[in-house]
Number of protein chains: 2
Amino acid sequence: MANPTAAVLVIGDEILSGRTRDTNTYHLAGQLTEAGIDLKEVRVVSDDSDAIIAATQILSKTYDHVFTSGGIGPTHDDITADCIAAAFNATIDVRDDARAILQAHYDRQGMELNDARLRMARIPQGATLIENPVSTAPGFQLENVYVMAGVPSVFQAMVATVLPTLKGGAPLVSTSTRIERGEGDIAGPLADLAARYNDLSFGSYPYIKNGVYGANIVVRGSDSKAVAVATRRLIDLFSDAVR
Amino acid sequence: MANPTAAVLVIGDEILSGRTRDTNTYHLAGQLTEAGIDLKEVRVVSDDSDAIIAATQILSKTYDHVFTSGGIGPTHDDITADCIAAAFNATIDVRDDARAILQAHYDRQGMELNDARLRMARIPQGATLIENPVSTAPGFQLENVYVMAGVPSVFQAMVATVLPTLKGGAPLVSTSTRIERGEGDIAGPLADLAARYNDLSFGSYPYIKNGVYGANIVVRGSDSKAVAVATRRLIDLFSDAVR
């Protein structure tokens, strides 16, 4: 049976402008692979309502799970929650459960739950809250979309909350073998090997280091024994060039 | 007049599996911003023909320029060139100009231009070659799509070749001001400022460092004087918390 599929939607002008490096996708990609959920697509869109709504709708229809990152804070440019609501024709307003969580937090801090902070309690009708153990303001799940913060420590904490609740498939196992030979020399034998073990995927990721050409060959599949056997065969083929 | 728009299409199972961190997008995003070209969307898709073709077609229609990364080497999993050709109904075969470039290179190296390496001379009809000063095998431009290698050093060299040929718009200038105060306190005055300078964009990117909350406020626009004035006003508003 095929594994569940997933997409990531990153909301962020700051990524598109080249100011900030997106690290959330890399983190989540690794976690999903471990969980046996196949990440099929990533999109980064700007802080623009139409773009966010359109991407949410198409990704939600196409994949089993969609994870969003960014745009759920208290400032005027935090528009993700409203966009997700709009994408599903859900109403959105300050919700009592989210407000109570924030109220308790700011009471403990001796700080005021002002209008800006109250924006973080705007949750679409029908959504389930996602706990935020780092900075309190919750994310939420609506339909198959998980809406999470952009701050990496908060994003990672929310991922840790959400992932164990999802049904994973067979975790993919993989090996990576570094072969210090040009891809042009590797390609022929590698294609033969890939044809022979056609239940596995064989990826070749070339590198150039100090002027020397090589490639990392990744063998991936859900049958760990087959992966091991194919990797052994690969190493035999290029034994003098494995580094 | 609005700036030209762009999208990036990253082809790579290795990114989606979490094995490799995509660095090409970050590099290109910064370069595009400097050139006055607005990066509007990034997509990462798997090494799957249908996914690559569909993404190429929609991005090519939606944006002025599309830059792809990955999948143009000699191995069996390098399918980008064929997919780009298919996306535009162009034929594709080994082309004499590309073959000559590779032949000269491998002659110099005393290496054979074997069948695998010859795959890198498969160029769609009507495409223009993009020089590869690092490892020879060229990229190409077809319609408004620039097809470039995934290896970061090669990708960057190709970007350096292509970007000066594109017509840019007004380069956006931006300032980033670090304010060590919770976003909930910044949000109100910041929204007022954003409303007052509505030709500029104001982004708030929160952080938590050693348990202390703050945000980097980015002011961005094409009028550098207006950006400077608004940033000065921002600093005045939060003078005791600017770090």
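In the predicted model, V45(A) has E41(B) of β2(B) as its bridge partner, and this pair belongs to an antiparallel pairing of β2(A) with strand β2 (residues 38-45) of chain B that extends over five bridges. Strands are here DSSP runs of E of at least two residues and helices DSSP runs of H or I of at least four, both numbered from the N terminus, and two strands are taken to pair if DSSP finds at least two bridges between them. Residues are numbered from 1 along each chain as its sequence is written, while chains are lettered from A and ligands numbered from 1 in the order in which they are written. Because the model is predicted, local features need pLDDT of at least 70 and side-chain atom pairs count only at pLDDT 80 or more, whereas totals for chains, interfaces and linings use all residues.

The β2(A)-β2(B) pairing is part of an open sheet of twelve strands with mixed pairing, in the order β6(A)-β7(A)-β8(A)-β3(A)-β1(A)-β2(A)-β2(B)-β1(B)-β3(B)-β8(B)-β7(B)-β6(B). At the edges stand β6 (128-130) of chain A and β6 (128-130) of chain B, each with a single partner strand, so that one side of each is left without a neighbour in the sheet. Neighbouring strands of this sheet are turned against each other by 20° on average, direction ignored, with axes taken as lines fitted to C-alpha atoms.

Within chain A, β1(A) runs parallel to β2(A) over seven bridges, I11(A) standing opposite V45(A); β1(A) is also joined by five bridges to the parallel strand β3 (residues 65-69) of chain A, where T68(A) stands opposite L9(A). Six of the seven residues of strand β1 (residues 5-11) of chain A are buried, that is, have 20 or more other C-beta atoms, placed from the backbone, within 10 Å of their own. L9(A) and L9(B) have the most contacts inside the largest nonpolar core, which has 96 residues; such a core is a set of buried Ala, Val, Leu, Ile, Met, Phe, Trp, Tyr and Cys residues joined through C-beta atoms within 7 Å.

Between the chains, 49 residues of chain A are in contact with 49 residues of chain B, contact requiring C-beta atoms, placed from the backbone, within 7 Å. The largest share of the side of chain A that touches chain B, eight residues, is contributed by α8(A). The residues of this side divide into 22 nonpolar, 16 polar and eleven charged, where Ala, Val, Leu, Ile, Met, Phe, Trp, Tyr, Cys and Pro count as nonpolar, Asp, Glu, Lys and Arg as charged, and the others, Gly among them, as polar.

Key: A residue is buried if 20 or more other C-beta atoms lie within 10 Å of its own, exposed if 12 or fewer, and partly exposed in between; C-beta atoms are placed from the backbone. Two residues are in contact if their C-beta atoms, placed from the backbone, lie within 7 Å. Axes are lines fitted to C-alpha atoms, for helices over the stretch in contact, and angles run from 0 to 180 degrees between N-to-C directions.
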